[in-house]
Amino acid sequence: MNLKRKGALAVLLTLLLSICVSAAPKTVIPGGNTIGLRLHTDGVAVVELSESVPMRAGLKCGDVIREINGTQIKSTQEVKQAVENANGAPLKLTVSRGGTQQTITISPTQTEDGWRLGIYVRDTVSGIGTVTYYDAETEAFGALGHGVNDNGTLLPITSGTVLPSSVASVIRGEAGEPGALQGVVNGRSVTGSIEKNTPQGVFGTMQAIGGEPIQIAQNKEIHTGHATIRSNVRGTQVEEYDIRITALSPNDSQDRNLHLEVTDPDLLKATGGIVQGMSGSPIIQDGKLIGAVTHVLINDPTQGYGIFIENMLNAAA
């Protein structure tokens, strides 16, 4: 899950298409409830290089390993087994990168723990996030407002599941220490499926959530000043909290479109401001859904960023 300085250090809270706005649903139900997320990667994703050897061989973070020595790879266990079986002999990795495939040859290194390639890989990832919207007509939902990343790498996925969750406890945010919602998955029943993991959020279909539908705001309608967010910071209860939009950045390359400040005394008391796990909390202004919370400023947890709802819906299409 990338860091960047912009007045203060900001961090993603957890775990790219263009369409006409008229294609988006006119009304949706705003979320605010946390959900459990379990995503399965498309192949085995390289999320970190622990040594210089794989980099010299040509591997990069974000590469997806499809085959090793001509054998299809679907899990991290299969990567580990192939490395052990090679016993130090060079391996030919077929990887996907940016829509193309290439073959990279790399030799395992002998360590105290056995033969290793010097890479960290993922085939699944789990966590909690917050639902931004639900479309009752199509059962489609969007959550997080940013992608599920591992060490800055957006995870390519084939599928994922949605599980019911609740918030068991909260680690309050402090200057220099981002807080977090401590969530638990309630049972094993699957309540939805995840189809896309994009820089603007995760999207799929799920069982209905309660609430009244509201209109979606166009970007030109959004303004600075008072707004509210819906968030689940205790149990399964969703509550509405006051915030202030302090600035707008419609053309921000990282979709940090809304600069916001938490002003609600109850939320400040409970969490210290914005904490990890609140990603996706819907932002409402003038009775319309305008976006979702995505980032917190590490040096000031009362402040953070959000994405325009139009940008999320464009990515969902």
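Here are a few questions and answers on the salt bridges and nonpolar cores of this predicted model.

The model is predicted, so local features need pLDDT of at least 70 and side-chain atom pairs pLDDT 80 or more, while totals for chains, interfaces and linings use all residues. Residues are numbered from 1 along each chain as its sequence is written, and side-chain values use heavy atoms, with hydrogens and water left out.

Reader: How many salt bridges does a search of the whole structure find?
Author: Side chains of opposite charge can pair when their charged atoms come close. The cut-off here is a side-chain nitrogen of Lys or Arg within 4 Å of a carboxyl oxygen of Asp or Glu. Searching the whole structure with that gives five.

Reader: Which residue forms a salt bridge with Lys 288, and what parts does the pair tie together?
Author: The N to O distance in this bridge is 2.4 Å. Lys 288 sits in strand β24 (residues 288-297), its partner in the loop between β19 (214-216) and β20 (225-234), so the pair links parts 67 residues apart in sequence; strands are DSSP runs of E, at least two residues, numbered from the N terminus. The partner is Glu 221.

Reader: Which residue joins its side chain to His 295 in a polar contact?
Author: His 295 is in strand β24 and is buried at 4% relative accessibility. A polar contact is a pair of N or O atoms within 3.5 Å; within protein, one must be able to donate a hydrogen and the other to accept it, and residues adjacent in sequence count only if both atoms are side-chain atoms. At 2.7 Å, the partner is Thr 294.

Reader: How many residues does the largest nonpolar core have?
Author: A nonpolar core is a set of buried Ala, Val, Leu, Ile, Met, Phe, Trp, Tyr and Cys residues joined through side-chain atoms within 4.5 Å. Ile 229, Ile 243 and Ile 283 have the most contacts inside the largest one, and β20, β21 (237-248), β22 (258-262) and β24 each supply at least two residues. Its count is 23.

Definitions and conventions. Helix = DSSP H or I, 4+ residues; strand = E, 2+ residues; numbered from the N terminus. Buried < 20%, exposed > 50% of the residue type's maximum accessible area, 1.4 Å probe, protein only.
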